[in-house]
Amino acid sequence: MTDTSTASAGSVPLAPRAWPLLGHALPLLRYPLAFIMSLSGYREMVRVRLGPSSAVMICDPDLTRQVFLNDRTFDKGGPIYDRIREVIGDGLSTCAYPLHRRQRRLCQPSFHPTRLAGYGAVFARAATNKAGSWRDGDVLDVTQEMMTLTTRATMETMFSGALPAETMQRCLADTAVIVSAFFRRMMTPALLRRLPTRQKRRYDDARTRLAATIAEIIAERRADPTDHADLLSTLVAAVDEESEDGRRQLNDAELADEALTFFLGGMETTAITLAWALHLLATNPDVQHRLKAETDRVLTGGKLDPAHLPSLGLASRVVTETLRLYPPAWMMTRVVREDAELGGVRFKGGSTIVLSPYLLHRRADLYDEPDRFDPDRWLDAQPDRRATYIPFGAGARKCIGDQFALTEAILALTAIVDRWELTPVGDQPFQPKVETSLSSRGLRLRLTERRSSGAGDAERSAAAALSASVQPPTQPGAAACPVKHGK
Ligand code: HEM
């Protein structure tokens, strides 16, 4: 029976300036953030068109929460995930509802708190080495540097750092090509996507090569099943006790999809978050000064250690606030599996829904002075992680690597700010490059060493050698409480 009190999705207002054929693809490609923010006047939802198909963008936190919590109806899908699925098949982040719970049970042990403690030690060491590899007066390509750092940390936590430098380099270069193609491919109509252009060939080659590299790594690990205390060992050993025979494990193809998922999902997002955090600190010297005071108080001249984490309150708030202002996954899509009602609107099965953390995080009715960087807005307020603060998504599909990423980011910020003062280069405001993620590509900052004699040349050369064994790809990531918070 049809509920006559609900309206059809077609009655949701269409965003202005849709072009014939292309719809809103042009503003979404050219100035996506301004376009998204122009929609914040729509309180609940608004329709946008991508080529011939249209999608409904949810602008309201409570409706966003309802979408996240009902993942059976509002399932992973839509243009972003269709493109990502081309690369990682039915891995944890792309698989549809019927597969998801089982995949999640098999992947969860890799992110168990007991494993995270070991990963934290890797993060602290990698960040300290990275910070030790720079020189006074250096102007950093911040995103490249943070990509190198998170790549090294991801590789070490995933594969115990046992990969030859050449293999790491190949994975990185292929990852950069793939990630950079996602957004454009998502906006391109299917017919044009199939044209055999040079870009498409590069993309297809990178996909095939990366899959082959990961398959090689897995074959080697199968041949030597000792526990390396890394992510891959945990994945290989994972058993789904809730499966029919209680012994279901990941097969080789599934393992490859999951390894690729963690690889693609973890590296770039955390690197971008760190780059934005450093940018915000450089442009807010008072906060940077207070953060240095925190590192002095907590580290007291000793080595950075994951045990310091509970005392790094300001570093943690800086990361929280950075993810509010620059959520790497600035929009996410869902597909409606069967006819459903949301906010008084009837959606037909197959409709696409868009959620945008960027839009919600910058709504003036949810946050005081939403564009201002103010880590202290989180002193008394806890983020509402299901509706108004969603950099990691929410519900059953929430990011499985959130604690992994936060641990890595807080430790890295601490290691860097402890040793270096960061200042902007030039006086032009730096703008995000909008791709599948909110990229900080091209960001440059100047370094001034805080302690002249902190590291001898020997220590610096050792750190530089360690960091240099992995070079970032040339185009990193060109690549996912309705109460006011704040003071
Ligand atoms: C600051 C860093 C990160 C951010 C901002 C981030 C963001 C997100 C978001 C928004 C989602 C949900 C997407 C959706 O619902 O459509 C997600 C899911 C996911 N993320 Fe992350 N992520 C980060 C780091 C990581 C890391 C380090 C890993 C792994 C090593 C990871 C692996 C995943 C996986 C596997 C999923 C899918 C979970 C599921 O569907 O059950 N992410 N991430």
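**Cavity and ligand site**

The lining of the second largest cavity divides into nine nonpolar residues, no polar and no charged ones, where Ala, Val, Leu, Ile, Met, Phe, Trp, Tyr, Cys and Pro count as nonpolar, Asp, Glu, Lys and Arg as charged, and the others, Gly among them, as polar. This is a predicted model, in which local features need pLDDT of at least 70 and side-chain atom pairs count only at pLDDT 80 or more, while totals for chains, interfaces and linings use all residues. Residues are numbered from 1 along each chain as its sequence is written, and side-chain values use heavy atoms, with hydrogens and water left out.

**The cavity**

- The residues lining the second largest cavity are Leu-28, Phe-35, Ile-36, Val-48, Leu-50, Ala-55, Met-57, Met-331 and Val-354, a cavity being a set of points on a 1 Å grid over the protein atoms alone where a 1.4 Å probe fits but cannot get out, with lining residues having an atom within 4 Å of a point.
- Two or more of these lining residues come from each of helix H2 (32-38), strand S2 (45-50) and strand S3 (53-58), helices (H or I, at least four residues) and strands (E, at least two) being DSSP runs numbered from the N terminus.

**The ligand**

- Cys-399 (SG), 2.3 Å away, is the single protein donor to the iron atom of the ligand, and Cys-399 sits in the loop between helix H15 (357-361) and helix H16 (402-419); donors are N, O and S atoms within 2.8 Å of the metal (3.2 Å for Na, K and Ca), and water is not among the atoms, so sites may look incomplete.
- The shell around the ligand takes seven residues from H12, which gives the most.

Technical notes:
On a 1 Å grid over the protein atoms alone, a cavity is a set of points where a 1.4 Å probe fits but cannot get out, and a pocket is an open set with protein on both sides within 12 Å along at least five of seven lines; lining residues have an atom within 4 Å of a point.
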